[in-house]
Amino acid sequence: MNIIEDKFSVWQKRFSLSGFENKSSELAFVQVPADQTVAFITTVRDLDGYKHLVFFTAVDLLEDGVFRLTYMLHNYTTKHDLGIQTDISRDSASMESIHHLWPHGATYQRELKEMFGIDFPGSPGVNESFVLEGWFAMPPMRRDFDTKEYSEATFFPRPGRKTFDTQEYMKEQLYPSEAETW
Amino acid sequence: MVDAKKQDPRSKFPPVEGGKSRYNLTSGKYMKIWQGPQHPGITGNMSLELTVCGDEVVDCKTHVGYLHRGFEKLMERRKYIQCFPLVCRICVPEPDFNEYLFAECVEELAGIQIPERAKWLRALTLEMARLTSFLMWIGGQAGSFGMGTIGQWTVTMRDYMLDLFEELSGGRIYHMYIIPGGVRADLPEGYEGRVESTLKQIEKVLKDVELALMHNYVFKKRAKGLGIITPDMVDEYGITGPNARGSGVKRDIRKDNPYLIYDQLDFEIVTETGSDAYARTWVRMKEMYQSIDLIRQMMKKMPKEGPFFQKLPNVLHWKVPAGQTYHKSECTRGEYGFYMVSDGTELPRRVYVRGPSYTHAVTLMERLAVNTNIADTAGLMVSLHTYPPEIER
């Protein structure tokens, strides 16, 4: 049993962990229920040395009706990455914030609100636009957002530029007086 | 939080109401200034909304989104091989890291082992990309303190590096050299000699840059004490790369979690303890010399012949087994990573790009800018070495 499997059995005594995937000596994923996620993250940060929040993102599992959130943490002592995953419902998607643990957590949450429509109540600036200023359509990273349909509805039909026959155009517009003699 | 009623009216900071600073812009005490979105010191577009009191910054807000091209969304609608022309465009001055990490993730999920020589060739291009990117950065750093000539010297050197990339891959900026299964081509004949002569030229110029920039009175005076990152801020703000190493934090993925062939190379992690813009510049200067040394080591130790590509299944109908993985590497700005999820179909389910600028340019910059002089803001921004395209992907 390696160190991370050892840790997993310790964590399992305190949290209802639903899954564990040990990818390599440097990477593992653990599935945690949504209501215990922030408590679990706080525990592994403060007691197990996973102090670095590498990233925080979501995967839209449309067919299951859930968003899978992934918090990737790194332990600089054991050189180990731990992906903490939790599923939340796609309908009225909301999750507890982690901005009190890492200030830059607020930036990730702001982006997730904009791109997936996941709310993080209390997270600073979570309702402010991040990348998509003035966006009113469905959050674009959702699987059911149809980029082609959106582009066609928003940007087409465009009149485009008129094309002219060069010789005729020059005759009429640029040299009208000379054109009479041509 | 300062109560609006209790605050000293002479304070340069505004009262806080409902958790937000209230600037009375009509009072004549504060002014809003936008820096950017175009700035020669950063590659890409990013703007800083600065609130100044006199010439001192009292509030800073980073705005991104000028370069959002929706790469992550585009990749969900493309086959794995079709993603390659896309991923390199996420970071202009250092595209090779995107190619490498994407390839590494696909290879792990598909269970592909690449030949030994391909690993060396990949590491060689990554280190060349690091050097090329640093040469571009130093122009911005010197230029933001009024020393434009240094940028002209180093951008010339960068062009010589781009010549080498062009010879190797056919492309100067976007190389698309690293692909799943290995690399696209072997080294051209006589390439080693041309690399060595370019490295010698760069070394010579770096000595001049060191004299003209690092020992320059104006640069020292302005960069010392600017943008202090204390070691305890490193974990709090998720700081990686030279920004962390400039604060004495000895972390480098090439050493801590060695990938490719980095465990076979001889090098030490570069650190400085000044914690300011000057210390970060020193770290990057020393890392340029380090990159030159590593390229030479690779050229010497690399197997001279052998396969550099592992045959793949038909890439147009390639179903990568379901799974997820995360791979990372040390680029010039810090930890660069790709998180990939496959659902067993021909298209990736999700690709997430973790760029170091995400934390450095937004949360960290917004904190460090407060209390700095307006004239030093550009220097501070460039000292964090940010590339906006990797923030908005």
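**Exercise 1. An aromatic pair in chain B**

Task: Determine whether B:Phe145 is buried or exposed, and classify the pair that its ring makes with the ring of B:Phe219.

Solution. The model under study is predicted.

Step 1. B:Phe145 has a relative accessible area of 4%. Residues under 20% count as buried, so B:Phe145 is buried.

Step 2. The relative accessible area of B:Phe219 is 0%, and B:Phe219 is therefore buried as well.

Step 3. A pair of aromatic rings is described by the distance of the centres and the angle of the planes. For B:Phe145 and B:Phe219 the centres are 5.3 Å apart and the planes stand at 80°. Planes over 60 degrees apart count as edge-to-face, so this is the class of the pair B:Phe145 and B:Phe219.

Step 4. B:Phe145 belongs to the loop between α4 (116-143) and α5 of chain B, whereas B:Phe219 sits in helix α7 (residues 217-223) of that chain. The pair therefore ties together parts that are 74 residues apart in sequence.

**Exercise 2. Aromatic rings across the structure**

Task: State how many aromatic pairs the structure holds over all chains, and classify the pair A:Phe164 and A:Tyr169.

Solution. 

Step 1. Over all chains there are 27 aromatic pairs.

Step 2. In the pair A:Phe164 and A:Tyr169, the ring centres lie 4.8 Å apart and the planes make an angle of 40°.

Step 3. A:Phe164 has 52% relative accessibility and counts as exposed; A:Tyr169, at 35%, counts as partly exposed.

Step 4. One aromatic cluster is formed by A:Phe29, A:Phe55, B:Tyr326, B:Tyr339 and B:Tyr352.

Step 5. Charged residues also lie over ring faces in chain B. B:Lys255 is placed over the face of B:Phe267, at 4.5 Å from the ring centre. B:Arg284 is placed over the face of B:Trp137, with a distance of 4.9 Å to the ring centre.

**Exercise 3. The interface of chain A and chain B**

Task: Describe the extent of the interface between chain A and chain B, its polar contacts and the elements of chain A that contribute to it.

Solution. 

Step 1. Contact involves 44 residues of chain A and 37 residues of chain B.

Step 2. The size of an interface is often given as the accessible area lost when the parts come together. Here the buried area is about 3600 Å², and carbon and sulfur atoms give 51% of that area. On the side of chain A, A:Tyr76, A:Met141 and A:Arg143 lose the most area to chain B, together 16% of what that side buries.

Step 3. Across the interface there are 7 salt bridges. A:Asp81 forms a salt bridge with B:Lys328, with the closest N and O atoms 2.9 Å apart. The count of residue pairs in polar contact between the chains is 26.

Step 4. At least two residues of the touching side come from each of β1 (19-24), β2 (27-31), β3 (52-61), β4, β5 and α3 (105-116) of chain A. The largest share, 10 residues, is supplied by β3(A).

Definitions and conventions:
Residues numbered from 1 in each chain as written. Chains lettered and ligands numbered in written order. Predicted model: local features only at pLDDT ≥ 70, side-chain atom pairs only at ≥ 80, totals over all residues. Heavy atoms only, no water. Phe/Tyr/Trp six-rings, centres within 6.5 Å; stacked < 30°, edge-to-face > 60°. Buried < 20%, exposed > 50% of the residue type's maximum accessible area, 1.4 Å probe, protein only. Helix = DSSP H or I, 4+ residues; strand = E, 2+ residues; numbered from the N terminus. Lys NZ or Arg CZ within 6 Å of the ring centre and 35° of its normal. Contact = heavy atoms within 4.5 Å. Buried area = accessible area lost by both parts, 1.4 Å probe. Salt bridge = Lys/Arg side-chain N within 4 Å of Asp/Glu carboxyl O. Polar contact = N/O pair within 3.5 Å; in protein donor to acceptor, adjacent residues only side chain to side chain.
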